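Hi everyone, thanks for making time for this one. Let me put the structure up on the screen, and then we can walk through it together.

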Amino acid sequence: GLYEAMFDDQMIYVDPKAAYIFVGNVYDTKTKVNLTERKARELNRIAWNELPLHLAIRKVKGNGSRRLAVFSDADCPFCHKLEEELKTVDNVTIYTFLYPIDSLHPDAARKSRMIWCAPDRTKAWDAFFASGALPDNKGDCDSPLPKTAELGAKFKVNATPTLVFADGSIVPGALPAQRLEAELKSAETEAKKLAAAKK
């Protein structure tokens, strides 16, 4: 007897006559699935091919068969946690969009520019997260930061890290490795279904 409705960017529920409004998450008690979160992910899904991957740092692990995009801030502690979790995840190509949030981390943009200007961006990114070491440059090359800021705003990214999986679903937060594996597997399956449906 509940109906889903969108109010601004928030999902709400109403009764058949819209006399009552329910705000919050709805769970299926049998499957323990958060139905609100699942529906929101479907509605907020983006097309993977809309991501300008040339603006990201690309890292291939194993055979690189799975895809993951991450909006990340160099000084974000949760981004550091995510990098630790990603160490145990294999067979994935990770595209990292530099997304410094100046209001929280005023020095992150400078660090991001230095990493981007390094001869090997992937190596520089990994070295920074491993030891805090920054490349030896002034960070004065042409960086994608203004464009990644626009991209994040377009996709309503307001926290780091924010992950985009192969099916276009957007998930904020530093997910543990086990959940990352489950999400990657599910997203690849869903991406294939979506591609088949378009044919």
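Let's begin with the contacts. If we take the contacts between residues at least 6 apart in sequence, 68% of them join residues at least 24 apart. Please keep in mind that what you see is a predicted model.

For the overall picture, the protein has six helices and 10 strands. Along the principal axes, its C-alpha atoms fill a box of roughly 65 × 35 × 30 Å. Of the 199 residues, 44% are buried.

The largest pocket has a volume of about 720 Å³. It is lined by 26 residues, and the closest to its centre are Ala40, Asn44, Lys156, Ile170 and Pro172. Which element gives the largest share of that lining? That would be helix 1, with five residues. Helix 1 covers residues 35-43, and along with strand 2 (10-14) and strand 10 (170-172) it belongs to the elements that each supply at least two lining residues.

Helix 3 spans residues 108-116 and helix 4 spans residues 121-131; they pack with their axes 8 Å apart, at an angle of about 140 degrees. Why do we call helix 3 oblique to helix 4? Because of that angle: roughly antiparallel would need over 145 degrees, so helix 3 counts as oblique to helix 4.

Who meets whom there? From helix 3 we have Lys111, Ile115 and Trp116, and from helix 4 they meet Arg121, Ala124, Trp125 and Phe128. Sorted by class, this helix 3 and helix 4 contact has five nonpolar and two charged residues, and no polar ones.

One last stop, and it brings Trp116 back into view. Please find Ser143, in the loop between helix 4 and helix 5, the latter being residues 145-154. Is Ser143 buried or exposed? It is buried, because its relative accessible area is 15%, and buried means under 20%. What does Ser143 touch, leaving aside its neighbours within four places in sequence? Its contacts are Arg113 and Trp116.

Notes. Residues are numbered from 1 along each chain as its sequence is written. This is a predicted model: local features need pLDDT of at least 70, side-chain atom pairs count only at pLDDT 80 or more; totals for chains, interfaces and linings use all residues. Side-chain values use heavy atoms; hydrogens and water are left out. Axes are lines fitted to C-alpha atoms, for helices over the stretch in contact, and angles run from 0 to 180 degrees between N-to-C directions. Helices (H or I, at least four residues) and strands (E, at least two) are DSSP runs, numbered from the N terminus. Angles under 35 degrees count as roughly parallel, over 145 as roughly antiparallel, 65 to 115 as roughly perpendicular and the rest as oblique. Contact means heavy atoms within 4.5 Å. Ala, Val, Leu, Ile, Met, Phe, Trp, Tyr, Cys and Pro count as nonpolar, Asp, Glu, Lys and Arg as charged, and the others, Gly among them, as polar. On a 1 Å grid over the protein atoms alone, a cavity is a set of points where a 1.4 Å probe fits but cannot get out, and a pocket is an open set with protein on both sides within 12 Å along at least five of seven lines; lining residues have an atom within 4 Å of a point. Grid points are joined across faces, edges and corners, and a volume is the space filled by probe spheres set on the points. Buried means under 20% relative accessible area, exposed over 50%, partly exposed in between (1.4 Å probe, protein chains only).
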